[in-house]
Amino acid sequence: MDKSQHETRDTGALNFEAIPRPVLLDLLRRAPKAELHLHIEGTLEPELIFKLAQRNGVKLGYPSVEALRAAYAFTDLQSFLDVYYAGAGVLLTEDDFFDLAWAYFERAAADGVVHAEVFFDPQTHTSRGVPMQAVILGLHRACQRAQAELGLNASLILCFLRHLSEKDALATLEAALPWREYFIGVGLDSAEQDNPPERFARVFARARDLGLHCVAHAGEEGPPAYIYGALDALQAKRIDHGVRCLEDPALVQRLADERMPLTVCPLSNLKLCVVPSLAEHPLRRMLDLGLCAMVNSDDPAYFGGYLNDNYLRCFEADPGLNARHAYALLRHSFEACFDLDEPSRQQRYRQIDVLFLEAAAGLPHAG
Ligand code: ADE
Ligand code: ZN
């Protein structure tokens, strides 16, 4: 389907104004959703860190789950990344990666997630001597089980750490190729400041040659120039975060015209001090400017909430976010999926339409 068809949905039959606020919040909780910006290592809950540390004989720098959780007070992206990479140190075996991802999929399914394209950071693990095979096979096994037991369509996106070299990224991609069919794309994450996308142009060109989808974090802490870099040098087809595009009206226009998805992560932006409060988060402004933005949870174990927490807390904090915005966010989440065939995408759109029609008509929902 050509992209413009996604925009031209006639919403005339949907009476958004008729939906009372509590009904809208309940609808948001129950609605089917896609999660497109989720780092699997960012779902490692303190309880699982302690369990895996014990199982693997890894010594932790914190005496208790509570003490570890108390350390989750971040001032910026780097202060978070230091804790996040340390936490990932308990992941050693294929079963550890399976347990990590399965725990996420169970939680996600409870939030209505029916489709997830999940980031993983192999360099965080291979640099500690963990075999690439253990990482990918453990995660892949959890994806298969999510499909079979939860009806959750899950796939993997291999991310390069941008604080490391492009040479390291190229070697990582080559090392993952024996399991090429187990991931659908590549991404770029870690410390954004002073690590512009252009540094990774060759590894992304190689990924495109391999038929992989390309995404990149850009405009989280970095300037609008990094969003241009992700689009032009990396040919990214989704921008992760992208909130700083609002500083450049010409860029906003381009992103809207190209219907470029922006995988926005409100609780992440709050915890990493990208925004001062959720009430001031630019999500509503992004939608009103015609951007294809949707809500994601980024690193939910560290940022205080999974996908429904992100949706609900935004709507609670900003009374200006209304049913029309909710409809757009849910729809965009499916519009932006890579690993979804067109009939399935249309089926998700229809499910969302039915939910809004029923809510506007005051019909009680089943279950
Ligand atoms: N890795 C995990 N979470 C990240 C984020 N929010 N930004 C960049 N890299 C990350
Ligand atoms: Zn992220």
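I count a polar contact as a pair of N or O atoms within 3.5 Å; within protein, one must be able to donate a hydrogen and the other to accept it, and residues adjacent in sequence count only if both atoms are side-chain atoms.

I am working on a predicted model, where local features need pLDDT of at least 70, side-chain atom pairs count only at pLDDT 80 or more, and totals for chains, interfaces and linings use all residues. Residues are numbered from 1 along each chain as its sequence is written, chains are lettered from A and ligands numbered from 1 in the order written, and side-chain values use heavy atoms, without hydrogens and water.

Ligand 1, contacts. I looked up Asp299: an N or O atom of its side chain is 2.6 Å from a nitrogen atom of ligand 1. For the His241 side chain, the distance from an N or O atom to a ligand nitrogen is 3.4 Å. Ser190 uses a backbone N or O atom, 2.8 Å from a nitrogen of ligand 1. I then checked cover: the protein hides 100% of the 260 Å² of accessible area that ligand 1 has on its own (Shrake-Rupley method, 1.4 Å probe).

Ligand 1, shell. I listed the residues around ligand 1 (a heavy atom within 4 Å); among them are His39, Tyr84, His217 and Asp298. Helix 5, residues 77-87, gives the most to this shell, with four residues. I took helices as DSSP runs (H or I, at least four residues), numbered from the N terminus.

Ala176. I found Ala176 in helix 9, residues 166-176. Ala176 counts as buried because its relative accessibility is 0% (buried is under 20%, 1.4 Å probe, protein chains only).

How values were computed:
Helix = DSSP H or I, 4+ residues; strand = E, 2+ residues; numbered from the N terminus. Buried < 20%, exposed > 50% of the residue type's maximum accessible area, 1.4 Å probe, protein only.
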